[in-house]
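Q: Hi! I've got a model open and would like to talk it through with you. Could you take a look?

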Amino acid sequence: MEQQQTIVKKYVRYLKLERNMSPNTLEAYQNDLEKLLAFLKREDKHVLDVQLEDLQTFAAGLHDIGIGPRSQCRILSGVRSFYRYLMTDGYRDDDPTELLESPVLGEHLPEVLSTAEVDQLEASIDLSKWEGHRNRAIIEVLFSCGLRVSELVTLKLSDLYLEDGYLRIMGKGSKERLVPISTRAIKELGFWFDDRRHMTIKPGEEDYVFLNRRGAHLTRTMILIMIKQQAEAAGIRKTISPHTLRHSFATALLEGGADLRAIQAMLGHESIGTTEIYTHIDTSTLRQEILEHHPRNNQPQR
C-alpha cells in the first residue's frame, strides 16, 4: 500500500496544478485535510481504508469540539474533494463520502427529540423479535445517559454499577467519568439481560453489554441503521441518529434547570464552550443549582 504521506502530496499537487487553486485556498484545503488525518492517526486508520462510519464519527467530533456548522460544511467539502480525487486517480473504487451528510446551515442544533418522541420511538419496537429488548435498552441508555455511540458500543458489564445507579464511561482521550443512569434505563437493561443469558457469545466478547445475533459486540453503523429504521417505523419525520439522543439528553437537562457545568461533566466535554452549544443564554444567567433529575426519573415506571 502506498504511503499515506505520498498520496497526500500528490493530492496537494493536483489541487495546485490541475485545479489552479490560489495559495490561500490551497492552504485552507490542506488545513482541513490535516484535521481528518489527525483523526485517522488516532483511530489507527489509513486514508484508503476509511468507510462511511469513520467519516460520520469524524463529522460528529467536529460538532463535539464546538466547530460551527458553516466551518463543518467547509471541512467536509474538502474531505469529499479528497476522496473524489482518490477515485479519479485509481486509489479507490468507491467514494465513502457519497452518503456523508453536512450540517444544515442556520440551525443552532441538530434535531432534538422530546421525551414523548423517545417514548414513541421505543413503543414502535417489536418486542417479539429477539433484538427487541436490546434495541429498547440501547435507545433508553443513549437518552438517559447521553453517551456517545462509540461509548455505547464499547460499554462493558464490568462498567455497570447498577445498584449504585452509575455507569463508568471511558470517553475521549481515555478520560474516565461516572454517569448516573435512570431507573427506567436499568429496567430496560434487565429485560435485555434476560434475553442475553440465552445467547451463545463469542470468546472474548463476554464482557460487552450489547451484542449482535452472532454474539459479538455491535458497531456504530449497526446502531445508526437501527435508530433510523426505528424512527421510520415510529412515524418520526425528523432526521435522527444516535447523536440526536445525546443532544436530546443535554437539552432535557438544560430545560430542567441543570447547571451547564454539570451537563459538561455528564457529557464528558473538556471545555464548557462545547457545552454552550445547547443554549443562547449567557452562563452567568443560568440557575446555579445542583443537577436536577433527568425527565425519566420524574415519570411513573411502567
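This is a predicted model: local features need pLDDT of at least 70, side-chain atom pairs count only at pLDDT 80 or more; totals for chains, interfaces and linings use all residues.

Q: How many residues line the second largest pocket, and which lie nearest its centre?
A: The lining has 20 residues, and those nearest the centre are Glu-131, Arg-134, Asn-135, Met-226 and Gln-229.

Q: How do the lining residues divide into nonpolar, polar and charged?
A: Eight of the residues lining the second largest pocket are nonpolar, six are polar and six are charged.

Q: OK, stepping back. How many helices and strands are there in the protein?
A: The protein has 12 helices and three strands.

Q: What percentage of the residues count as buried?
A: Of the 302 residues, 48% are buried. As for contacts with a separation of 6 or more, 62% of them are between residues 24 or more positions apart.

Q: Now the sheet. What is the order of its strands?
A: The order is β1-β2-β3, in an open sheet with antiparallel pairing. The edges are β1 (160-161) and β3 (176-180), each pairing on one side only.

Q: How many bridges join β1 and β2?
A: Two, in the antiparallel sense, with β2 covering residues 166-170. In this pairing Leu-160 is opposite Leu-167 of β2, and Tyr-161 is opposite Tyr-166 of β2.

Q: What sits between β1 and β2?
A: Four residues, as the two strands form a hairpin. Gly-165 is in the turn and has a positive phi of about 80°.

Q: And how many bridges do β2 and β3 pair over?
A: Five, again antiparallel. Here Leu-167 stands opposite Val-179 in β3, while Ile-169 faces Arg-177 of β3 across the pairing.

Q: Which side chains of β2 are buried?
A: Leu-167 and Ile-169, which point to one face.

Q: What about β3: which residues make up its covered face?
A: Arg-177 and Val-179. The uncovered face of β3 has Glu-176, Leu-178 and Pro-180.

Q: Let's talk about packing. Which residues of the largest nonpolar core touch the most other members?
A: Val-141, Leu-167 and Phe-210, in a core of 38 residues. Elements giving two or more residues to this core are α5 (115-123), α6, α7 (149-153), β2, α8 (183-196) and α9.

Q: Which of those gives the most to this core?
A: α6, with seven residues.

Q: You mentioned Val-141. What does Val-141 touch?
A: Leaving out residues up to four places away in sequence, Val-141 touches Gly-146, Leu-147, Leu-152, Leu-167, Ala-185, Leu-189 and Phe-210. Apart from this core there is another one of 30 residues, including Leu-37, Leu-40, Val-50 and Leu-76.

Q: Changing topic to backbone angles: what is the phi of Asn-20?
A: It is near 50°, a positive value in a residue other than glycine. Asn-20 lies in the loop between α1 (4-17) and α2 (23-43).

Q: Is Asn-20 buried or exposed?
A: Exposed, because its relative accessibility is 64% and the cut-off for exposed is over 50%.

Q: And where is Asp-44?
A: Asp-44 is in the loop between α2 and α3 (52-64). Its phi is near 60°, which is again positive in a residue other than glycine.

Q: Is Asp-44 buried or exposed?
A: Asp-44 is exposed too, with a relative accessible area of 72%.

Technical notes:
Residues are numbered from 1 along each chain as its sequence is written. Side-chain values use heavy atoms; hydrogens and water are left out. On a 1 Å grid over the protein atoms alone, a cavity is a set of points where a 1.4 Å probe fits but cannot get out, and a pocket is an open set with protein on both sides within 12 Å along at least five of seven lines; lining residues have an atom within 4 Å of a point. Ala, Val, Leu, Ile, Met, Phe, Trp, Tyr, Cys and Pro count as nonpolar, Asp, Glu, Lys and Arg as charged, and the others, Gly among them, as polar. Two strands pair if DSSP finds at least two bridges between them. Buried means under 20% relative accessible area, exposed over 50%, partly exposed in between (1.4 Å probe, protein chains only). A nonpolar core is a set of buried Ala, Val, Leu, Ile, Met, Phe, Trp, Tyr and Cys residues joined through side-chain atoms within 4.5 Å. Contact means heavy atoms within 4.5 Å.
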